[in-house]
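Student: I have the sequence and the coordinates open, and I'd like to go through a few spots with you. Can we start once it's on screen?

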Amino acid sequence: MEQQLEHAYEEVLRRNPGEAEFHQAVREVFDSLGPVLRKNPRYVDAAVLERLCEPERQIIFRVPWVDDAGRVRINRGFRVEYNSALGPYKGGLRFHPSVYLGIVKFLGFEQIFKNALSGMPIGGGKGGSDFDPRGRSQHEIMRFCQSFMTELYRHLGEYTDVPAGDIGVGQREIGYLFGQYKRITNRYESGVLTGKGISWGGSLVRTEATGYGTVLFANEMLATKGQSLDGRKVTVSGSGNVAIFAMEKATQLGATAVAFSDSSGYVVDEAGIDLELLKEVKLVERGRAKDYVDRRPGARLVTGGSIWDVPADVALPCATQNELGEDAARALLKNGVVAVAEGANMPTTPEALRLFQEAGTLFGPGKAANAGGVATSALEMQQNASRDSWTFEYTEERLADIMRDVHARCAATADEYGRPGDYIVGANIAGFTKVADAMLAQGVI
């Protein structure tokens with residue numbers, strides 16, 4: 001790295017000890033920025049790097065709640081309002097036992113650039129809790145969400161901070177959170193949360209947007225080589241909204257999704273994943289991979305190894321951070337993978353990234369490839385602000401336009417800086433310069 005970048009990164013390590021995911025996210029962006037600083041020394045003079053790495057606000061709070069047995073439980077809540085140079089803080093809430101400050105900061109840092117690339121007027125933020133909704137009753141989840149919002153509400157607003165869902169936070173949780181916000185404030189501010197139900201302020205396509213957008217980005221990358229998803233085999237890690245709707249869009253574009261996963265293992269279905277069955281198992285019944293296999297002749301559940309051992313032309317990691325490591329990358333390359341697009345946030349380790357780049361594999365980083373989710377959240381905010389509701393077709397068309405623009409912006413920036421086809425460099429530089437220029441325009445704040 002450049003000397004200025006190295007110094008700034010050392011400060012990140014010193015000021016944020018033990019936050020490995022955050023360190024990784026910062027390093028991944030910094031590795032791309034040397035040419036930018038040489039071309040624009042004003043960013044160094046104004047300490048933009050140092051300011052970007054320090055969140056504008058970090059909120060940590062206690063979340064007490066009572067379980068169904070009458071026992072008092074205590075969890076920890078977080079909201080990192082990272083950067084508002086481009087608009088109100090925007091980013092999801094994650095409920096998962098792995099959540100701690102470093103995870104939330106890594107996600108918020110990524111969100112800054114993802115939101116910038118989307119072209120929408122939104123800043124970056126992220127939040128969540130170490131609460132695990134899995135195995136909890138509806139009433140327990142409701143009580144937890146109400147307690148969580150009882151503290152968080154004072155930091156939110158449609159012009160201040162607009163959370164959405166993430167791992168462990170779907171439409172059910174958003175409903176409980178919004179209900180408590182409305183109860184406390186006595187205001188029906190639809191735009192204060194996104195991912196809402198369609199009947200009470202939500203947007204069509206929001207559920208599908210992240211997965212759809214990831215596949216659209218992958219298809220745009222393939223188009224630069226005169227190729228498409230048509231006739232391709234696709235593997236998708238995860239089995240939540242992102243993974244399921246990535247498989248759905250890939251299927252619509254002529255691909256065959258042959259594998260998905262959850263924490264119990266991965267399923268291989270060479271005939272093509274039965275999406276209606278998978279939706280029933282995962283989105284309605286909240287079941288496990290085995291439930292799919294039990295009802296799908298020809299499908300098999302594998303509890304050892306890695307989903308990336310399954311031969312595929314296109315890989316879509318849609319589960320969680322650092323799920324695709326060096327060994328997995330070698331297996332994918334050995335089996336002839338031609339494109340990888342990240343539906344999750346930072347699912348590929350630095351070692352695996354290096355292997356894909358050395359092999360010349362088309363690679364769509366999460367801050368670009370999965371920007372469709374937050375972009376459609378911003379479209380939901382637009383509909384809320386205008387008291388309007390758009391059709392599925394119109395909203396999906398807007399999403400497709402946004403993803404084409406994100407791809408074009410990344411590709412053009414990579415070309416400008418002498419790295420044609422390097423979407424990592426293109427995404428990092430395009431996102432950084434947009435935010436950095438706004439920060440310079442707004443002064444030292």
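Student: Does Thr433 count as buried or exposed, and why?

Tutor: Bearing in mind that this is a predicted model, Thr433 counts as buried because its relative accessibility is 18%, and buried means under 20%.

Student: Where is Thr433, and what does Thr433 touch?

Tutor: Thr433 has its place in helix H18, which covers residues 423-441; leaving out residues up to four places away in sequence, Thr433 touches Val36 and Tyr43.

Student: Switching to the largest nonpolar core, which residues have the most contacts inside it?

Tutor: That core has 58 residues, and those with the most contacts inside it are Phe217, Val234, Met247, Phe260, Ile273, Tyr292 and Leu316. Helix H9, residues 206-223, gives the most to this core, contributing eight residues. Apart from it lies another core, of 41 residues, which includes Ala8, Leu33, Val48 and Phe432.

Student: And what is Phe260 in contact with?

Tutor: Setting aside neighbours within four places in sequence, the contacts of Phe260 include Val236, Gly238, Ser239, Met247, Tyr266 and Val267, and also among them are Ile273, Leu278, Ala289, Tyr292 and Ile307.

Student: New topic, H16: what should its 15 residues span at 1.5 Å a residue?

Tutor: Helix H16, residues 371-385, should span 21 Å, and its end C-alpha atoms are 21 Å apart, so the two agree.

Student: How many of the 15 residues of H16 are buried, and what is the phi of Arg387?

Tutor: H16 is mostly covered, with 13 of its 15 residues buried; Arg387, which follows H16, has a positive phi, near 55 degrees.

Definitions and conventions. Residues numbered from 1 in each chain as written. Predicted model: local features only at pLDDT ≥ 70, side-chain atom pairs only at ≥ 80, totals over all residues. Heavy atoms only, no water. Helix = DSSP H or I, 4+ residues; strand = E, 2+ residues; numbered from the N terminus. Expected span 1.5 Å × (residues − 1). Buried < 20%, exposed > 50% of the residue type's maximum accessible area, 1.4 Å probe, protein only. Core = buried A, V, L, I, M, F, W, Y, C linked by side-chain atoms within 4.5 Å. Contact = heavy atoms within 4.5 Å.
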